[in-house]
Amino acid sequence: MTMTDPTMLADAALWRTRDLAVLWHPCTQMREHPDTLPLVPISHGRGVWLHGMDGNRYLDAVSSWWTNLFGHAEPRIANAIAEQAQRLEHVIFAGFSHQPAVELAESLLALAPPGLARVFLADNGSAAVEVALKMSFHSFFNRGDTRRRKFIALHNGYHGETLGALAVGDIPLYRRIYAPLLIEPLFAPSPDAWLAEPGESAHDHAVRAAAALAVILAEQGEDVCALILEPLVQCAGGMRMYHPEYLRRARALCDQHGIHLIADEIAVGFGRSGSLFACEQAAITPDFLCLSKGLTGGFLPLSAVLTTAAVYEAFLDDSRERAFLHSHSYTGNPIACAAALATLAIFRDEPVLERNRTTAAHMAQLAAPIGEHPHVAQVRQTGMILAFELGQANSREPLPAAQRTGLCAYRAALQRGVLLRPLGDVLYWMPPYCISADELHHLAQVTAAVIDESTRACA
Ligand SMILES: *Cc1c(COP(=O)(O)O)cnc(C)c1O
């Protein structure tokens with residue numbers, strides 16, 4: 001950490017006070033500010049570092065809610081945004097078009113799994129999920145199949161916070177209170193390898209979860225529009241990971257029952273899983289591919305739903321009612337599209353995925369000794385996502401929730417200049433891809449220290 005100068009400290013305190021007088025932060029019990037949780041005013045970012053107004057800097061190990069790919073204030077993306085803002089900041093996207101949107105759609109279709117032919121733009125991840133759910137239902141309706149109105153979702157899945165997206169999610173902390181407002185999907189068992197029986201491999205567990213899905217489909221398949229899932233990693237559900245065999249079997253089952261597969265790659269897309277898109281690891285093409293978060297390199301809100309020609313064609317008709325009458329004011333925003341194009345240009349010009357393989361191997365190496373800690377029940381990794389499942393000493397039993405070990409680890413890491421924001425008692429690394437070997441080393445040292453400290457002293 002850098003030396004703190006008294007004027008900067010005063011500055012940070014002032015912004016903290018002004019913030020807490022007027023703002024309401026997301027996913028936060030505001031009562032915990034300012035005493036239990038420090039609020040951290042940030043003045044600027046560079047690479048993996050966030051610079052606090054108090055003069056301290058914080059290594060962003062969670063890519064600012066999984067959005068950032070190439071570091072904060074990445075100059076190529078920043079410049080593309082500045083240039084676009086001076087040419088065309090926004091235009092109504094119904095009846096009008098522009099170069100950044102066209103080029104973005106062309107580029108995404110060229111990169112995505114084969115068989116996707118159309119791109120619908122929205123402005124955040126939850127909106128993309130809403131679009132996919134509505135499009136799936138509506139496409140069956142337009143074909144005269146009006147009976148299909150159910151969705152299948154996975155246990156422990158997460159797809160966003162708006163009512164439709166929340167309905168197909170299964171994280172009680174976010175869903176339970178709103179349950180009376182939500183459509184009821186059919187929930188299928190998660191292929192999550194952590195849930196495997198003793199002696200059962202991740203592959204075999206995935207096969208068993210697919211068999212359970214087959215039973216649901218055999219019973220109610222004719223009422224179902226789509227299966228929605230997060231390919232390979234259930235991120236908000238605690239970075240739970242599963243074998244790609246599940247995706248292959250789910251794809252086959254969806255085909256067999258004539259239903260859509262919605263792949264929510266909002267978190268795992270753009271290289272997080274090791275491949276550009278996680279679906280590639282199972283060699284499948286979904287009927288809907290939802291993208292957001294890393295799409296703009298973490299600069300601006302934007303989302304895209306890629307779908308097939310078959311879905312698109314179900315909406316073509318002389319009647320307006322058959323059209324997809326869904327819109328957001330900022331749909332296709334040119335500045336956000338320019339940020340996304342600059343992000344894709346970095347993937348094109350640099351060996352990003354290859355470099356990430358080296359980084360991911362280094363992450364594994366550094367995490368292995370941390371996994372020896374008696375309170376680390378499992379270290380798991382998929383590409384650039386690595387998670388530490390904390391538990392009771394030398395056991396798979398969770399820590400008592402009242403201990404709030406994760407929160408404790410969060411605070412301890414912040415004090416050491418690292419932003420590690422756990423999911424319950426799961427600590428994870430999901431850093432910007434530009435993280436250096438030295439920075440990873442530092443991250444590993446701090447992680448080891450805070451796991452030890454928080455499982456020991458914070459009880
Ligand atoms: C973050 C996330 C969403 C929601 O995206 P927002 O932009 O936060 O609305 C949906 N699905 C998954 C898998 C996510 O991780």
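How many nonpolar, polar and charged residues does the lining of the largest cavity have? That lining has four nonpolar, three polar and two charged residues, where Ala, Val, Leu, Ile, Met, Phe, Trp, Tyr, Cys and Pro count as nonpolar, Asp, Glu, Lys and Arg as charged, and the others, Gly among them, as polar.

Before going on, note that this is a predicted model, in which local features need pLDDT of at least 70 and side-chain atom pairs count only at pLDDT 80 or more, while totals for chains, interfaces and linings use all residues. Residues are numbered from 1 along each chain as its sequence is written, and side-chain values use heavy atoms, with hydrogens and water left out.

The search of the whole structure finds one cavity of 30 Å³ or more, and about 30 Å³ of space lies in the largest cavity. Among the residues that line the largest cavity are Tyr-158, Leu-166, Asp-170 and Arg-175. On a 1 Å grid over the protein atoms alone, a cavity is a set of points where a 1.4 Å probe fits but cannot get out, whereas a pocket is an open set with protein on both sides within 12 Å along at least five of seven lines, and lining residues have an atom within 4 Å of a point. Grid points are joined across faces, edges and corners, and a volume is the space filled by probe spheres set on the points.

The second largest pocket has a volume of about 840 Å³. Of the 26 residues that line this pocket, the closest to its centre are Phe-93, Val-119, Phe-120, Phe-324 and His-326. Strand β4 gives the most to the lining, with four residues, and the lining as a whole divides into 17 nonpolar, seven polar and two charged residues. Helices (H or I, at least four residues) and strands (E, at least two) are DSSP runs, numbered from the N terminus.

Most residues other than glycine have a negative phi, and most peptide bonds are trans. A cis peptide bond, with omega about -5°, joins His-33 and Pro-34, and Pro-34 has its place in the loop between α1 (6-22) and β1.

Turning to the strands, an open sheet of four strands runs in the order β1-β2-β3-β15 with mixed pairing, where two strands pair if DSSP finds at least two bridges between them. Its edge strands are β1 (42-46) and β15 (418-419), each pairing on one side only. Strands β2 and β3 pair in the antiparallel sense over three bridges, and His-51 stands opposite Arg-57 in β3.
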